[in-house]
Amino acid sequence: MEKTIAGKTVNVNEEGYLTDFSQWTKEVGEELAKEQGIQLTPRHWEVIDYVQDKHKKDEALSVRGIKKSGVFDVKEFYDLFPGGPLKKATLIAGIPKPKSCI
Amino acid sequence: MKNLVILGAGTSGTIMANHLVSKLDKKDWSITIVDQYETHYYQPGFLFMPFDIYKPSQVVKKGQKFIPKGVNYIVKEVELIVPEKNKIALADGEELPYDILIVATGSKTAPQETEGLIGPNWYKNIFDFYTYEGSKALREKLRNWEGGKLVVHITEMPIKCPVAPLEFAFLADAFFKDKNMRDKVDITYVTPLSGAFTTAEATKVLQYLLEEKNIKVVSDFNIERVDQENNKIIDYAETEVPYDLLVTVPTNMGDELIERSGMGDDLNFIPTNKETLQAEAHENVFVIGDATNVPTSKAGSVAHFEAEILMENVLAYAHNKPFKEKFDGHSNCFIETGGGKALLIDFNYEHEPVEGTFPIPGIGPLQLLKESRMNHMGKLAFRWVYWNMLLKGVPIPMVPSKMTTKGKKYKTQ
Ligand SMILES: Cc1cc2nc3c(=O)[nH]c(=O)nc-3n(C[C@H](O)[C@H](O)[C@H](O)COP(=O)(O)OP(=O)(O)OC[C@H]3O[C@@H](n4cnc5c(N)ncnc54)[C@H](O)[C@@H]3O)c2cc1C
């Protein structure tokens, strides 16, 4: 599916996740965050950098991993992205949500 | 004389030894394989043991039986890999130099990673089924369990055979129905993911299974700790799920050896080129099976497909030729749904599982992403195929290492 956001046309799946990370820009990220009711702060951007870095290295994302990283504590992560923090952070960062094979 | 060393004689290492023994010139190359245990476990059988479908004796054999003649087999623990010096140190101090190294040390459960998981009730009303010991202990428990809240739980991804916990929930439903006590058991499936199914296609065609079997789902649950005193698991958002019997899949990690050797990521998986299967950091080190960080399922079928590609690439490397073959992430997996039926999925890095026919496009006889008895027969036959074909590196008829898109119903985008 195509979607126009921040003046750009991007491809997204049924759940609104970007299907091509190369189409992501900071402006797109900001707009996606607004759709989730989140106003991005510098702390949010640190989380976004962290999950994008994991994605580029093909490393798995988990809340426990975030705790172990020492960069954020989990409480803060939940406060920054209320609801499903991994689901929301990945959506805004333009990368796939953590998934299983089916 | 040059040395090729394989670490780990599980599914992947054993297949590689069988592939390479006939392909590498014996005059130039000596092949050695090392494993800490004498026993080879058929891990897919750990799913069936708790329900008395397989006996313990059907899932263990002596590893030696599957190591071909001409390969030097060492049963010892590996202490360290020193890639800068191209050598391995074994736990007893012995050293093995290598020219080419294949790391096939797999992944294993790490229950110590979750607060409160290992405690007084571990193997009393808290079990895993991802180890031989856990699966066997759970079998004893289920024989006499009188019912209550059964919670099937995944700690975090990735785990090997990611569908096994869901299969466990399905088989549990069938097991308690058979024992005429399904009304006494409440089954809840707890996952850190966004649902029991995470692709839109699978959710659409498989959601009915959960309703039909009356399995409740708690999603987005990121466990913080187990409260053994009050029999509940608690997540970071402070959601609590009470249990009478907790069947959990603990964090899966690569062996500590990888951490000791400074070669892994946070979970001790080795950063690996997903197409060539070469370690990112060392050109004469290759990685296969559950030990890699490549983004496909950790499964025996994947190890089998990877092995065909890796054999070509190792031979190319040994003869100073460029790599020709690229792994596409092919995975193929039967999913038990209980009551003598199963699903089958076939996918790779690029294509998610969809409906269709397999292995002959348009004909089958197996159906993709649809329940059938035939698929269940396929799952049971996998044990025979594993011991008699897969480990020996015999190609499985009509199932090539690279996935075909033929016979599959992809939506055009
Ligand atoms: C419950 C369950 C169900 C499953 N169902 C299926 C299924 O239906 N289909 C499917 O395809 N796959 C299934 N799998 C997954 C499959 O079993 C694994 O993906 C496969 O065995 C991986 O092979 P491997 O060689 O990479 O690792 P393993 O087979 O685990 O082998 C690793 C070997 O390395 C050795 N080792 C590790 N560290 C050291 C060390 N420091 N020194 C010496 N030796 C060491 C270990 O002893 C072990 O023998 C299932 C797994 C489980 C747990």
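Mentor: The following account describes the ligand site and then turns to the contact between the chains. The model is a predicted one, and the values below are computed from it.

The ligand is surrounded by 30 residues, among which B:Thr11, B:Ser12, B:Asp35, B:Val78 and B:Gly300 are the closest. A polar backbone atom of B:Ser12 lies 2.7 Å from an oxygen atom of the ligand, and a backbone N or O atom of B:Gly300 is 2.9 Å from a ligand oxygen atom. With B:Gln36, the pair involves the side chain: an N or O atom there is 3.0 Å from an oxygen atom of the ligand. On its own the ligand has 1,000 Å² of accessible area, and the protein covers 95% of that area.

In composition, the shell comprises eleven nonpolar, eleven polar and eight charged residues. Three helices of chain B, namely α1 (11-21), α6 (300-318) and α7 (373-390), each contribute at least two residues to the shell. In terms of domains, at least three shell residues come from domain 1 (2-106 + 255-318) of chain B, and at least three from domain 2 (111-251).

Chain B also meets chain A, in a contact that takes 35 residues from chain B and 22 residues from chain A. About 2,400 Å² is buried between the two chains, with carbon and sulfur atoms giving 53% of this area. Of the area that chain B buries against chain A, 23% is supplied by B:Thr198, B:Tyr236 and B:Asp266, more than by any other three residues.

Conventions
Residues numbered from 1 in each chain as written. Chains lettered and ligands numbered in written order. Predicted model: local features only at pLDDT ≥ 70, side-chain atom pairs only at ≥ 80, totals over all residues. Heavy atoms only, no water. Near = heavy atom within 4 Å. Polar contact = N/O pair within 3.5 Å; in protein donor to acceptor, adjacent residues only side chain to side chain. Areas by Shrake-Rupley, 256 points an atom, 1.4 Å probe, with all protein chains shown as cover. Helix = DSSP H or I, 4+ residues; strand = E, 2+ residues; numbered from the N terminus. Nonpolar A, V, L, I, M, F, W, Y, C, P; charged D, E, K, R; others polar. Domains from an automatic or database assignment. Contact = heavy atoms within 4.5 Å. Buried area = accessible area lost by both parts, 1.4 Å probe.
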